[in-house]
Number of protein chains: 2
Amino acid sequence: GTTADVKVALMEIHNIGPCKLFDTAGYDEEGKLGQKKLQKTHNIVKESDLVIIVIDKQAGSDEVNENEVIQLAKKRQKNVLIIQNVRDNSPIEISTYKGLPSLQINLNNKSNYTKVIEFIQTHGIQKKKPAVPLLPQHVLGPDKTVFLNIPMDAETPGGRLLRPQSKCQEFCLSNFTSTFAYRMDLVKGRSKNSKVREAEKKRFQDAIERIKPSIVITDSQAMDLVGRWVTPDKFPNVQLTTFSIMMINQMTDGQLPRFIKGLETLKTIKSNDKILISEACNHDRLTDICEDIGTKQIPDKLKKKFGNSIVIDHAFGREFPYDKLREYSLVVHCGGCMIDKQKMCARLDDCIENNIPITNYGLLLTYLNSPKALKRVTKPFAN
Amino acid sequence: GTTADVKVALMEIHNIGPCKLFDTAGYDEEGKLGQKKLQKTHNIVKESDLVIIVIDKQAGSDEVNENEVIQLAKKRQKNVLIIQNVRDNSPIEISTYKGLPSLQINLNNKSNYTKVIEFIQTHGIQKKKPAVPLLPQHVLGPDKTVFLNIPMDAETPGGRLLRPQSKCQEFCLSNFTSTFAYRMDLVKGRSKNSKVREAEKKRFQDAIERIKPSIVITDSQAMDLVGRWVTPDKFPNVQLTTFSIMMINQMTDGQLPRFIKGLETLKTIKSNDKILISEACNHDRLTDICEDIGTKQIPDKLKKKFGNSIVIDHAFGREFPYDKLREYSLVVHCGGCMIDKQKMCARLDDCIENNIPITNYGLLLTYLNSPKALKRVTKPFAN
């Protein structure tokens, strides 16, 4: 293989829809670099819906690495197809190879390409489960309103809403449900001056009383205030959650319980344990000006609870330390709105496979602010 | 010149900020193709904040075309700089050329590039007027709510809000103003069954009574319903406008009065006149399934008013028929949220220069539904 990096192409394929195609290195290369390329291929297998292995019949194939890829794909419940490239003009044949659907075809002949697509359409596309909705049915309806608390800070980009906020509103509106977007003043709400603090609390609670929302969804970083201001005593008919909890539930097709379970680890964390904070976004982290969630708020709270010798690592953007996962006692993940579902699920599956507990920004911040509130923020998604 | 198409680069330049750079063809080419390239250069001049003319001192320059470009730039109040490329190592000199700041420099020497940037920073950057806000101050405030009517139809993309909706919400929230997003059911609201119609009207009016917004902003296509349902009699404290009116006012730095004036032409339109409908976006137009604003709703209403022999042309996306403008009795433009301000202003300036009246989607739909309502939808932006 001469492909060192994975090549990516976006494409719309008829009868399949929008696709993200990855072209990986061949896995028949020896040495350290070959191993590195193979690792990359494994990571891509984990993030794919469909794995197509292309074998050159004449050149033969590396059976050991091939089996490893196939086993990994099967373990992760990916669909696997084989395409055997034949150089002569022998007829196109669909057989099986290692029990997998296999097409024998001359790939150098461009007129065969539609046959390849047909093969993929027939054998490669799994019936998809219906996607888990962003919000459950019981908070939706033409006379209901979803309350969005959007505090904004110095890191908030101008000119548009953040993705979870925009997605949530589009979802609500398409379900004929109104949304009320409110900006809480975090500085005032956390002020040491009780008059300032109480005035901000009153403004917020007045808005909720006026709007009578079915649910309040807040930016995770405001859970310290929202958790105390929207209590079940005061607002028995108002449910509560965070954008990051809402997102992670949808991004993992409803596997929120797994992230809730991850919190149990907090009872056994030792002072020298390593915790990985994984955030799918690559924004500027203005730790000095505002309280960045991933680099300031969560680390501060963890250190307060477990002491300063706790080790906190970060993974930002599209990278995730698959190969170092076992070092960590806990992974804390954001809502994942900036990566695709497949990548988010690959991260979750890797944690499961390695027995590494994983939890979520909104869940952790809720739990650390008030363990009592935890049940509250997850209840909307309980079946 | 060998550059046929205009080359575009996006760049962030220190002390200037984000820039869109256009590299045009030289204007010294003769013949029909040369004329075409010159026309493209003229269009780019119209859409620029700063025009830099690069002259090769040894090769000389085409004085006629050069003067034309300079005159056009001056007429459109663009800043113009001259860079004279000298091939020897003579010292860098800032002089004037045709009364314009002019830098003599060897552009083949890369170490001179910072000098070029300094020259542009010193002589090329106009003090910008403060941008016109998206909404006026009097509808904003921590206890005020802006009501957004978002009907959605088959053309509405899923997963996010439209740009004007997202921009408007971000603007309101950054000003600590709440937003209430509501989806009106157009089919029910326009139903022939009066019970269905009245129920939808009641749901809408109840929401407004509950929310007590400072302003209702609606998708233009719902003006037929909103204009009748949000009357000053029923809601004296609620102002009213459309997303497209809000956008065009900001995109043209407050030149909404020009678009209001364009409506006067409707009194003198003759049955064979040509009208140009210009929409900056390139979405699918599902005229059969839903009432597309640009290709169905506006043409239908114009034909109803002026007869079927009225000629209606369309310009979609980033193209605008600068060279055919004089054929039209009226230009009807969308809010322009999918092009940049400079391009929108260039279109407006071309209409002004050619004495072609121009108006806007929201204004026209309001006027054709109820001339009385026109004052209402423009009042929020009146000084």
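Q: Is B:Met152 buried or exposed?
A: B:Met152 is buried, with a relative accessible area of 11%; buried means under 20% relative accessible area, exposed over 50%, and partly exposed in between (1.4 Å probe, protein chains only). Keep in mind that this is a predicted model, where local features need pLDDT of at least 70, side-chain atom pairs count only at pLDDT 80 or more, and totals for chains, interfaces and linings use all residues. Residues are numbered from 1 along each chain as its sequence is written, chains are lettered from A and ligands numbered from 1 in the order in which they are written, and side-chain values use heavy atoms, with hydrogens and water left out.

Q: Where does B:Met152 lie?
A: B:Met152 is in the loop between strand E7 (145-149) and helix H4 (163-174) of chain B. Helices (H or I, at least four residues) and strands (E, at least two) are DSSP runs, numbered from the N terminus. The phi of B:Met152 is near 60 degrees, a positive value in a residue other than glycine.

Q: And what is phi for B:Phe176?
A: For B:Phe176 phi is near 55 degrees, again positive in a residue other than glycine. Most residues other than glycine have a negative phi. B:Phe176 sits in the loop between H4 and strand E8 (178-182) of chain B, and it counts as partly exposed at 22% relative accessibility.

Q: Switching to the interface: how many residues of chain B are in contact with chain A?
A: 28 residues of chain B are in contact with 28 residues of chain A, contact meaning heavy atoms within 4.5 Å. B:Leu173, B:Phe176 and B:Arg183 supply 24% of the area that chain B buries against chain A, more than any other three residues.

Q: What's the area buried between the chains?
A: About 2,600 Å², with carbon and sulfur atoms giving 56%; buried area is the accessible area (1.4 Å probe) that two parts lose on being put together, summed over both.

Q: How many salt bridges across it?
A: The rule finds 0 between chain B and chain A, looking for a side-chain nitrogen of Lys or Arg within 4 Å of a carboxyl oxygen of Asp or Glu.

Q: New topic: where is A:Gln205 found, and what does it touch?
A: A:Gln205 is in helix H6 (residues 194-211) of chain A. Not counting residues up to four places away in sequence, A:Gln205 touches A:Trp229, A:Lys234 and A:Phe235. At 11% relative accessibility, A:Gln205 counts as buried.
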